[in-house]
Structure formats: C-alpha cells, structure tokens
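Let us read one structure together, one feature at a time. Keep the sequence and the 3D view side by side.

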Amino acid sequence: MFIDFFYSLRNAGIQVSPTSFLTLQKALNMGLINSLDEFYTSARAILVKSERYFDVYDQIFAHRFEGAELPEYQGFEIDDISRAILDEWLKDPQTLAQALDVDEAELLQLTPDELIQYFRERLNDQKGRHHGGATWIGTGGSSPVGHSGDHPGAMRVGGVSRNQSAVKLALERRYKDYTRRGLLTQDMVGEALKRLRNMIPVGPEDKVDIDKTIYQTMKNCGEIEIVFSKSFKDRLKVILAIDNGGWSMDPYIPVVQTLFDYARDQFKDLKTCYFHNSVYDVLWEDPARANKPIPVEHLAAFDPQTRLILVGDASMAPYELMAADGSIHVEERSGKPSIEQLKFLAQTFPHSVWMNPASSQMWDYTPTITTIRQIFPMFELSLDGLEEAVRHLMAK
Amino acid sequence: MEGNILNNKFSGATRYILDNELASIVNVTMALEMPLLLKGEPGTGKTMLAHAIAESLTMPLIVLNVKSSLKLVDALYQYDTLTRLNDSRFGDSHRDVSNIEDYIKMGKIGQSFTSKQRTVLLIDEIDKADTDFQDDMLDVLDQMEFDIIEVDKTMKAVHRPVIIITSNAKKDLSDPFLGRCNFHHIAFPDPKMMRKIIGVHFPDIDSNLMENVVTMFYRVREIDGVEKKPATRELINWIRALKSDPDFNPKALIKGDIPYLGVLFKKSPDYERAVEATRRSHVI
C-alpha cells in the first residue's frame with residue numbers, strides 16, 4: 001500500500017528508510033490508522049525524521065492524496081515572489097500596476113492563475129533577483145490568495161474539493177520556516193565545539209580513584225585506604241586568528257562574532273589575534289591592528305599542541321598572497337610573501353584549520369582560496385563545517 | 001496487555017493541553033512500541049508531555065536527564081564497589097559481601113526495565129550526549145535488555161516502558177538513531193492554543209488580561225534579532241508576575257507599557273533590544 005507515496009517521498013529527497021515504511025504498514029495492519037487525518041500525522045511521525053522535511057512532506061502529501069500540483073523545480077523562488085506580488089496586487093491594484101508599468105485594466109481581465117503566470121514571466125525577464133537553488137520552496141497553483149474577494153476572476157483554491165482537514169493542513173504548509181537554515185547561534189556553535197577539548201587533571205584531589213583505592217587497600221591487607229585524585233578539566237590551548245579587515249569580510253561579522261563570543265567563554269587558554277586578508281609579518285592582538293603586534297616568528301615558541309583556527313574569507317588579489325611585498329599595508333612588507341608565513345604557521349601548528357564564512361560552493365571561483373586550501377584544511381563556517389573542523393582538530 | 005494499551009488511549013492531562021495531531025502520534029507510537037523523539041523550541045512542552053502521559057495513564061515516570069559526561073552504563077546500572085569494600089572491611093551491614101548482586105544498583109533505564117509496573121521513561125535532552133551514547137542506548141532500548149558484566153547476567157525488561165526522548169538541537173541526530181524512533185516536531189503554539197494553555201494554568205484569569213497579555217506576547221516575540229525568544233514558560237512566569245503586582249493595569253499593556261520585560265527576555269542584549277523596541281512602539 002502507498003508504494004507510490006513512498007517513492008515520491010524518496011524522490012523528493014526525504015530519507016525514508018524501507019524499515020520505517022514497513023513500520024507504517026504494521027501500524028496500518030494493526031488498525032491504528034483509521035482516517036486520512038491520522039494517516040497524515042502518523043505517516044509523518046514514522047517516515048519523516050526531521051522538521052526540515054515536513055514542508056516537502058506536506059507538498060507530496062497534498063499532491064498524492066488531493067492532486068495538488070507539485071511545484072516545478074526551477075519555479076519555487078519566483079513563486080514566492082510572485083505570490084507576494086499577487087498579495088500586494090489584491091491590496092492595491094493601482095499602485096502595483098504602476099510599479100510594474102502595466103495597464104491596470106488589462107490585468108483585471110486575467111484570472112489569478114494567469115496573473116501568477118504573468119508575474120512569473122515578468123520576473124523571469126528580470127534576471128537580477130533570481131538566485132536559483134536546490135530545495136523546494138513554494139507550491140505552484142496552491143496559493144490561498146483566492147480567498148480574497150477583491151479580484152473579479154475566481155481562483156481554484158489549492159485543488160481541494162473533498163476537503164479533508166489533513167490535506168488542508170498539508171496545504172497550509174506550516175513547516176515552511178523550518179526548511180530554511182537559521183542563523184548560527186551561540187548555542188549551536190557551543191554544540192559543535194563541545195568536543196574540542198583536552199582533558200588534563202587539575203585542581204584539588206577530591207575524586208575517589210576506585211582502582212587505586214582497591215589496590216592500596218589490598219596492599220594494606222584489607223585496611224581501607226581511600227585514594228583521591230584530581231578531576232579532569234579542559235585545558236586546550238587555542239589561537240583564534242580572525243580576518244577583521246576589508247569590506248569582503250563585512251557580511252560575515254555576525255557569524256564570526258558568535259564564534260568569537262563562544263570561544264571567549266569556552267576556552268580558558270585562548271589567544272585571539274587579527275589580520276587583514278592574509279598573514280604577513282605580524283598578527284595583531286588588538287582589533288584595530290595598530291598597537292599590539294605579535295611577530296609571526298614568536299608563535300614558534302608556543303606549544304605545538306595549540307590548536308590554530310584561522311577565520312577569513314581567504315579572498316584577495318593573488319599578488320597579496322604570492323608577492324614578497326604583497327601586503328596592502330606598507331609597514332607590513334618585510335620581503336617574505338604571505339604564502340610562506342602561512343606555510344610556517346601550518347608547520348608550527350600541526351592541528352590547524354581555516355574556517356571560511358563564504359559558502360563552499362563558491363570556493364572554486366577564487367584562486368587564493370584554492371591556494372590556501374593547499375596549506376590549511378579549509379572548512380565552511382557553518383554548523384556542519386564546524387563539526388568537521390573540530391573532528392580534524394582533535395584527530396591525533 | 002496489547003488490548004489494554006489500545007483501550008488506554010492518551011488524551012491529555014490536567015495541566016497539559018494536547019492537540020489532536022500529537023495525541024494520535026503518541027497513541028500510534030505507544031501501540032508500535034517505539035520510542036518517540038520530540039523536537040521543538042524550548043518551552044513548547046516536550047518534557048511536559050512525558051509528565052502528562054504518565055499522569056493520564058497512571059504510570060510511574062522515570063526521568064533520565066542526559067548530561068554530556070553521562071556514560072551508557074551509568075544509565076543502566078552501577079556497581080557500588082566502595083560500599084562493598086567498606087562492607088568487606090567492617091561487615092556490619094545486612095548485605096552479603098560475597099554476592100556482587102547486592103551491590104548492583106539500577107540506573108534510570110535499569111529501573112524502568114525492572115519496575116513491576118509499566119513505566120514512562122523520559123530521556124531528556126538526548127542531544128547533550130555524544131553520538132556513540134545515543135546509538136548504544138537505542139540498541140538497549142531496541143533489544144529491551146542489557147548485560148550486567150560483573151555478575152554475567154542479562155536484565156530483560158519486565159514491561160516495555162513508554163519511551164519519550166526530547167532534543168533541543170538544531171542539528172539532526174544520527175541516522176540509525178532516527179531510524180528507530182518515531183519523530184514529531186512540536187511547533188510553537190498559536191495564540192488560540194496559547195489561550196487554552198494559559199487557561200489551564202490560571203483558571204480564574206481575567207479575560208481582558210488574557211487577551212492583552214497574549215497579544216503583547218506574540219508582538220514582543222516578533223522583535224527582530226532576539227537570540228532567545230520568550231517561550232511558554234516565560235509567558236506563564238510573566239503572567240504570574242503581572243498578577244502579583246497590585247498596581248498593574250491590563251489596559252496599559254496594549255499601549256506599549258510593558259512591565260517586567262526581564263521575565264521574558266533573559267539575555268542582556270535581547271533585553272536591551274526589547275526595551276528599545278517597546279519604547280519605540282510606545283512613542284508611536
């Protein structure tokens with residue numbers, strides 16, 4: 001039963017396992033599911049394991065059980081925009097007609113479907129706002145806007161005829177928000193960095209060491225001797241170097257700030273320093289990069305077990321990386337190209353990563369990113385990227 | 001037993017408002033004997049659900065609060081070596097030193113297995129533990145048995161507990177883990193639901209106050225850039241604060257005069273942002 005449904009979920013990218021599909025069959029056979037409503041909720045609980053897919057599930061469900069249209073793959077973003085325009089249009093046809101430079105009377109003749117189609121074509125012409133992507137957002141003809149009595153044409157509302165409430169729920173698409181990726185909050189960073197630690201015994205000896213206690217007691221012929229030991233605390237040394245200069249880093253300030261806040265809370269032994277674009281002769285301890293320079297050579301004196309995390313978009317003109325006088329700041333030019341300094345850092349600290357806030361899909365388009373990736377393992381500054389980076393930093 | 005579960009359907013408890021969707025998920029999950037994984041914003045009542053199920057089905061509730069340092073064996077059982085050592089030295093207890101079983105104490109999961117009655121086992125905030133813990137634990141819950149190595153004995157569950165697992169994490173749990181659970185995401189309650197929830201907590205609340213409080217609550221939740229949005233728990237505390245203030249006038253609320261913002265916003269940048277935003281709306 002419902003094998004088509006199963007495959008359409010899988011085709012839509014939801015990881016539905018055959019086992020969970022069999023579980024659903026079991027539930028059906030046990031007579032637990034007696035209405036479409038119950039089928040909607042139970043099948044979702046059993047088959048779909050993340051709220052990120054709830055929206056896709058809603059769409060497939062509406063399609064399978066009510067014949068609502070599935071969105072076209074390319075059409076989704078435009079759909080959202082055109083729907084927004086349609087909403088505006090219903091509120092105030094005149095202004096919008098003017099804004100789009102069309103005749104209001106002409107638009108009034110169109111049915112809502114035609115209207116959406118019309119807006120869509122107009123938006124397609126206007127390439128500027130179309131970004132494209134790979135997930136589904138937006139349904140084609142299932143917009144509920146038709147409820148507004150404003151418009152002379154009548155709209156087919158979401159293809160619902162027999163109107164079961166489950167389908168209504170599915171068409172409402174309440175979970176749309178969860179499909180988008182949220183900001184990287186401090187909690188999420190904390191989650192990802194939790195495993196980045198190095199446990200060392202510190203503090204007072206206040207923990208009972210059972211093995212030693214038993215050993216000592218036996219040695220004392222059964223006279224109990226309780227042995228205490230120190231508890232383990234995290235003493236990981238971290239150097240966090242942040243690219244805080246230049247407009248190219250501006251869009252990423254909030255996410256870097258989050259990382260920085262967390263690092264300051266979490267790591268007892270943290271050194272934060274700053275650079276612009278790439279590392280030249282010095283790193284700076286002050287964010288203004290003016291007063292407290294640390295020559296890169298001095299870092300050789302640090303514990304080589306220190307974890308070095310560089311954060312930056314690694315995007316610059318190639319000569320800034322390669323040329324001996326590449327720095328755009330004259331006072332930082334010593335004759336060693338930045339790429340040599342980076343190699344020196346990578347050798348000094350075997351556990352190092354470069355976190356890049358730019359999306360990894362864009363990395364191949366920037367030559368300096370490719371170059372730096374050969375020196376430092378590079379990870380995207382996102383939840384998944386952080387986790388991979390931590391795994392790399394903690395590898396022996 | 002089976003028929004008993006089916007008849008014994010969960011339909012809400014005295015202090016918990018349940019929507020139909022969640023009720024049917026809970027019932028299907030109980031009948032399928034699978035753990036139910038609940039996700040959702042803090043304050044949407046994930047933990048409360050387990051309490052409510054236990055209450056309405058009159059089963060004892062066993063809570064396992066997961067910590068990052070928790071090892072699976074601690075959740076199953078504990079071998080109290082120190083007490084045994086002590087007893088062997090002084091021998092003044094009723095326990096039999098030569099019998100290791102006397103020194104095995106059941107952990108939370110162990111308790112839910114050995115209980116004579118069917119229990120509700122709440123595993124709270126599973127995301128705090130690492131992935132290995134999660135997968136290993138699911139093995140135990142799948143098999144409904146575990147071994148006590150020290151006495152070479154297998155503990156089997158007398159009654160399969162009703163297992164509720166909660167997670168706050170934005171990231172997904174591992175695939176094998178998810179494969180063995182049913183999943184539900186509790187969305188933040190809409191205003192209508194919220195009024196019901198408030199009604200349960202404050203049966204004698206003035207309708208005027210309720211209206212204004214709910215309106216304002218959803219308005220302040222909309223304030224941009226807030227990291228921790230106030231949730232149901234904050235709202236209930238806030239109402240409690242408002243009710244205990246004799247000078248408080250519900251009408252002042254809609255005008256944008258909001259006292260005790262600190263109850264709603266607990267992070268200082270959030271608080272400042274909220275004060276700023278409400279002052280602005282006040283001027284308008």
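Q: Which element gives the most to the lining of the second largest pocket?

A: Start with the ground rules. This is a predicted model, where local features need pLDDT of at least 70, side-chain atom pairs count only at pLDDT 80 or more, and totals for chains, interfaces and linings use all residues. Residues are numbered from 1 along each chain as its sequence is written, chains are lettered from A and ligands numbered from 1 in the order in which they are written, and side-chain values use heavy atoms, with hydrogens and water left out.
Now the general idea. Rolling a probe the size of a water molecule over the atoms shows where empty space is left. A pocket is an open set of points on a 1 Å grid over the protein atoms alone, where a 1.4 Å probe fits, with protein on both sides within 12 Å along at least five of seven lines; lining residues have an atom within 4 Å of a point.
Here, E3(B) gives the most, with three residues. Helices (H or I, at least four residues) and strands (E, at least two) are DSSP runs, numbered from the N terminus.

Q: How much space lies in the second largest pocket, and which residues are closest to its centre?

A: About 500 Å³. A volume is the space filled by probe spheres set on the grid points, which are joined across faces, edges and corners. The lining has 16 residues, and A:Ile210, B:Asp74, B:Gln78, B:Tyr79 and B:Thr81 are the closest to the centre.

Q: Where are the buried residues of helix H1 of chain A?

A: An α-helix has 3.6 residues a turn, so residues three or four places apart point the same way. Buried means under 20% relative accessible area, exposed over 50%, partly exposed in between (1.4 Å probe, protein chains only).
In H1(A), residues 3-11, the buried ones are A:Phe5, A:Phe6, A:Ser8 and A:Leu9. They cover an arc of only 170 degrees around the axis, which puts them on the same side. The arc is that of the directions from the helix axis to the C-beta atoms. Exposed A:Asp4 and A:Asn11 sit on the face turned away.

Q: Why is strand E5 of chain B largely enclosed?

A: Five of the five residues of E5(B), 120-124, are buried, so the rest of the structure largely encloses this strand. B:Val120, B:Leu122 and B:Asp124 cover one side, B:Leu121 and B:Ile123 the other.

Q: Which strands are joined to E5(B)?

A: Two strands pair if DSSP finds at least two bridges between them. Five bridges join E2(B) to E5(B), running parallel. Four join E5(B) to E8(B), also parallel. B:Leu122 stands opposite B:Ile164 in E8(B).
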